[in-house]
Structures are given as structure tokens and as C-alpha cells.
Amino acid sequence: MVGPALSMAGPALSMAGPAPGWRPLPLAALALVVLALGSGLPAARAGQTPRPAERGPPVRLFTEEELARYSGAEEDQPIYLAVKGVVFDVTSGKEFYGRGAPYNALTGKDSTRGVAKMSLDPADLTYDTTGLTAKELESLEEVFTKVYKAKYPIVGYTARRILNEDGSPNLDFKPEDQPHFDIKDEF
């Protein structure tokens, strides 16, 4: 079908002339081949950097109940924790977050307040940032950026981050920067 015509670097373009039986592709067929070959490549518009073609696992929305399943209690389950409504897969840090490990209390929930206060007190293991000092909020942002976002893959977001209390979409939601995330994957 297209075999000999695509091997243009071979005998079809030798100095002696085209190989017997070789026919050039019609322009329309060549355009289809180019489109087919190019469809797997990321498109870049003027002024934009191309996106990588490879995509990570789909990013998902977690309810509190779903997130609680990933607390490190089950050996065959990944270990997740959320900070600022962003769910990270911390399985690679199992020695810190696994069952019986020093920071296991942070897993399976949104522990934003505990991270901000550097606290493992059960009362601080919540998403609620009400009453945090400026220094605690600064610490939260630093740990969020330099530890969690730098070391662990984002696997989703808490429902509280993506949805309003009435269940409607939070129109102010913006995904954290990660090159393989596309917001339409989730909605």
C-alpha cells in the first residue's frame, strides 16, 4: 500500500532513477501520511512552548472517605496525603509516611494545618487554615513547594479544592503546575 513510497531514502531516490514498480504518492495521500505521523506530536502555537507528548496517570478528585483509604495501612496500596487540597503520592517516601513511620499521621487526609504548624497533633491534621500566623502560612507555602511539589507526584485534588460547598464547580480552581495535567481530564 504505502511501503515503497515511504522508503524514499532507499532505492526509490537512487541516482539511477526510481526502483521498478515505485510510484510517487499523490499529494493528498502524502498529506494524510504527514498528518498521521504528526498526530502523536504535541502541537505548539506561536509563543507557546510545546507540551510533552507523554502523559502521567490521570489526575482525579478525592472525597475525604476515598483519601482515607490511602493512609499506608494496606501494604499493597499507594500512600497519599493532601496539602492545600492537592493530593500527593508519597509512596516513594514509605520510610517516612508508611505504617508506623514518623509522619504516617499526615497520610490519608488533607493535613494542611499540621504541615503549616509542623505538628502531628490530631487536632492539627485538617485542611482548616483558620487562625494560622503569617509565619505558619509562609512555612506552609515553602514546604508545599520545596518538599511536596518538588518530590512527589500530584495524583489529584480534594473535593473541597475543586468544588464549592454546594457541590458546584469552583470556578477559581486552577491546577498546580505539572506538565502532564490537562484540566479536561477531570471534568
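**Figure 1. Burial and element order in the predicted protein chain.** Of the 187 residues in the protein chain, 30% are buried (under 20% relative accessible area, with exposed over 50% and partly exposed in between; 1.4 Å probe, protein chains only). The model is predicted: local features need pLDDT of at least 70, side-chain atom pairs count only at pLDDT 80 or more, and totals for chains, interfaces and linings use all residues. Residues are numbered from 1 along each chain as its sequence is written, and side-chain values use heavy atoms, with hydrogens and water left out. The protein chain has 7 helices and 4 strands (DSSP runs numbered from the N terminus: H or I of at least four residues for helices, E of at least two for strands). Their order from the N terminus is α-α-β-α-β-β-α-α-α-β-α.

**Figure 2. The largest nonpolar core.** This core holds 21 residues (a nonpolar core is a set of buried Ala, Val, Leu, Ile, Met, Phe, Trp, Tyr and Cys residues joined through side-chain atoms within 4.5 Å). Leu 81, Val 83, Phe 88, Val 90, Tyr 97 and Tyr 148 have the most contacts inside the core. At least two core residues come from each of β2, β3, α5, α6 and β4 (154-158). Helix α6 supplies the largest share, 4 residues. In soluble globular proteins, nonpolar side chains tend to be buried together.

Figure 3. The whole structure contains 10 aromatic pairs (rings of Phe, Tyr and Trp, the last by its six-membered ring, with centres within 6.5 Å; planes under 30 degrees apart are stacked, over 60 edge-to-face, and the rest tilted). Phe 62 and Tyr 80 pair edge-to-face, at 5.6 Å centre to centre and 80° between the planes. Because Phe 62 belongs to strand β1 (residues 60-62) and Tyr 80 to strand β2 (residues 80-83), this pair ties together parts 18 residues apart in sequence. Phe 62 and Tyr 80 are both buried. Phe 88 and Phe 144 also form an edge-to-face pair, with 5.9 Å between centres and 75° between planes. Phe 88 is in strand β3 (residues 86-89) and Phe 144 in helix α6, so the pair ties together parts 56 residues apart in sequence. Phe 88 and Phe 144 are buried. A cluster linked by ring pairs comprises Phe 88, Tyr 97, Tyr 103, Phe 144, Tyr 148 and Tyr 152. The charged end of Lys 84 sits over the ring of Phe 144, 4.4 Å from its centre (NZ of Lys or CZ of Arg within 6 Å of the ring centre and within 35 degrees of the ring normal).

**Figure 4. The largest pocket.** Its volume is about 320 Å³ (the space filled by probe spheres set on the grid points, which are joined across faces, edges and corners). A pocket is an open set of points on a 1 Å grid over the protein atoms alone where a 1.4 Å probe fits, with protein on both sides within 12 Å along at least five of seven lines; lining residues have an atom within 4 Å of a point. Among the 17 lining residues, Glu 64, Tyr 127, Thr 158, Ala 159 and Arg 160 are closest to the centre. Arg 160 lies over the face of Tyr 127, 3.7 Å from the ring centre. Helix α3 gives the most to this lining, 3 residues.

**Figure 5. The second largest pocket.** This pocket has a volume of about 250 Å³. Its 14 lining residues include Tyr 97, Tyr 103, Leu 106, Val 143 and Tyr 148, which lie nearest the centre. Helix α6 gives the most to the lining, with 4 residues.
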